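Subject: Structure handover

Hello,

Here is the structure I promised you.

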Amino acid sequence: MTSTLSTPATASTQLSPGREVGVAVIGSGFAGLGLAIRLRQQGQTDFVVLERGDDVGGTWRDNTYPGAACDVQSNLYSFSFAPNADWPRTYSAQPEIQAYLRDTAERFDVLRHCVFGAEVTDARWDDAARRWRVRTTAGEVSARVLVSAAGSLADPALPDIPGLATFAGEVMHSARWNGDHDLTGEQVAVIGTGASAIQIVPAIQPQVAGLAVYQRTPPWVVPRGDRPVKPSARRMYRRFPAAQKAVRGALYAGREALVVGMAKQRRLLKPVGRTAKAHLDRQVRDRQLRAALTPDYTIGCKRILISNDYYPAVSAPNAEVVTAGIAEVRPHSIVTRDGVERPTDTIVLATGFAVTDPPIAHRITGREGRTLAEVWNEGMVTNRGCAVAGFPNLFLLVGPNVGVGHTSMVYMIESQLNYVLDALRTMADEQLEVLETTPQAQAAYRQLIAERSTGTVWLAGGCGSWYIDRHGHNTTLWPDFTFRFRRLTRRLDRENYVGTPARGTRSEGAA
Ligand SMILES: Cc1cc2nc3c(=O)[nH]c(=O)nc-3n(C[C@H](O)[C@H](O)[C@H](O)COP(=O)(O)OP(=O)(O)OC[C@H]3O[C@@H](n4cnc5c(N)ncnc54)[C@H](O)[C@@H]3O)c2cc1C
């Protein structure tokens with residue numbers, strides 16, 4: 001890659017015609033932004049970040065619903081290379097996390113590489129030119145390397161409920177919140193009881209006239225140890241960054257201990273289950289409601305949620321938990337399978353995201369003219385969650401089997417950044433124009449994931465979850481300690497790649 005700086009100091013909204021870059025990155029959440037920063041830290045400037053939104057931040061730009069906050073402590077849920085001594089709370093809220101990402105982008109001067117309003121509609125490998133041809137809503141760009149950091153929780157999954165399209169009131173997905181809509185005094189339906197719902201419900205319950213929470217499966221909920229970070233602690237973090245690093249390390253280790261129960265010895269999850277059950281018993285007095293809120297699967301099978309105010313909110317006189325299942329939506333009501341009709345003014349869809357069939361996979365076409373989605377039709381296969389055979393010079397961030405429920409995604413993202421940067425370094429050092437992983441490496445990796453997933457709480461815990469695809473395979477979660485993933489991605493596994501040297505170099509044609 002060259003290092004001539006020809007981009008504007010701030011983000012642009014249009015790609016100049018005929019633009020060619022070394023690397024095109026799709027998305028500017030933690031992953032895309034992280035890569036941009038690491039590239040800049042290495043003195044690289046020949047790259048562009050294509051972002052469909054109007055700002056960086058990804059998840060934290062899009063999820064503006066009331067109560068939105070992280071559920072991994074901010075000291076851990078942040079970049080290791082950009083610690084923030086000023087987190088206001090143990091678990092910071094969406095505005096602070098979004099501000100952190102924006103500030104970090106500015107501090108590391110990567111906004112000049114961002115093109116906002118640039119939704120990637122099509123990316124095709126051009127085998128003759130050995131480049132990716134990327135079409136976006138802000139113009140076209142040709143890139144030697146394409147990195148997809150389009151997010152696994154970025155595209156809302158909308159439920160297929162009869163009559164939903166006929167609803168006359170407001171319908172909003174949790175990740176597309178309409179802040180202009182006033183819920184005061186309304187009858188509100190929240191569909192879903194996952195991580196977003198349990199933050200939304202307590203935030204809106206005091207404001208609305210009536211709140212119906214439509215629950216398919218109750219989550220396990222444990223107490224949330226959230227408090228303001230004392231000014232003295234902030235001062236200490238500023239003066240002694242090593243102290244914050246130590247706290248981060250301790251948080252990481254504590255969370256990693258959960259993997260022993262989730263992936264190795266399920267019985268070790270029992271104390272966690274007891275904590276959650278005691279939390280429920282303490283907060284919900286009504287027997288019937290308590291029964292409805294008691295999960296029948298092993299804790300950890302679905303994401304363990306943290307909240308101190310969810311149970312009190314659903315126990316409030318203006319709230320109810322509806323378990324009967326939705327039969328249909330009418331213009332002004334929701335009817336459940338038991339025939340009860342509930343007048344409804346607003347529907348909140350806390351129904352999660354398109355995780356196992358990501359839209360971006362339909363837009364990336366490889367060497368054989370097939371899209372990633374077509375290749376993945378029988379399940380998502382990759383080498384180390386980062387590369388796919390038949391898709392040369394393509395790297396994925398937060399691709400299949402990179403997800404974690406127990407710790408910070410940023411740790412996994414930073415592991416993948418090491419890998420991608422080493423791949424780019426390898427291409428430069430060996431003067432390669434093309435680098436492509438092998439089907440054999442992919443098959444071996446698939447085997448590794450399958451073996452490590454066997455017996456884990458996600459497969460054997462007795463629940464259905466978005467972690468598992470329609471074939472019953474774990475295609476989303478990393479099923480082991482995250483430090484093992486870090487080890488696996490520390491360097492490019494060069495032996496699992498075929499490289500094609502630049503035309504005219506002496507070694508052209510060598511593998
Ligand atoms: C409400 C919520 C709370 C969460 N809390 C936590 C937490 O506490 N701890 C944790 O570890 N994880 C949490 N997560 C998971 C979170 O998604 C990851 O931690 C992390 O933010 C993912 O970063 P990313 O860059 O991979 O994806 P994203 O942040 O989703 O960014 C992807 C970006 O790609 C852009 N994009 C997508 N498609 C295109 C396209 N075709 N063209 C151009 N741009 C495109 C999107 O607009 C977006 O900006 C949470 C997720 C949600 C939804």
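For residue classes, Ala, Val, Leu, Ile, Met, Phe, Trp, Tyr, Cys and Pro count as nonpolar, Asp, Glu, Lys and Arg as charged, and the others, Gly among them, as polar. This is a predicted model, where local features need pLDDT of at least 70, side-chain atom pairs count only at pLDDT 80 or more, and totals for chains, interfaces and linings use all residues. Residues are numbered from 1 along each chain as its sequence is written, and side-chain values use heavy atoms, without hydrogens and water.

The cavity comes first. On a 1 Å grid over the protein atoms alone, a cavity is a set of points where a 1.4 Å probe fits but cannot get out; lining residues have an atom within 4 Å of a point. A volume is the space filled by probe spheres set on the points, which are joined across faces, edges and corners.

The whole structure has one cavity of 30 Å³ or more. The largest cavity holds about 40 Å³. Its lining is Asp71, Ala195, Ile198, Gln199, Arg224, Leu305 and Ile306. Four of these are nonpolar, one is polar and two are charged.

Now the second largest pocket. A pocket is an open set of points with protein on both sides within 12 Å along at least five of seven lines. This one holds about 430 Å³. It has 24 lining residues, and Val222, Arg255, Leu258, Ile306 and His406 are the closest to its centre. The lining has 13 nonpolar, seven polar and four charged residues.

Best wishes
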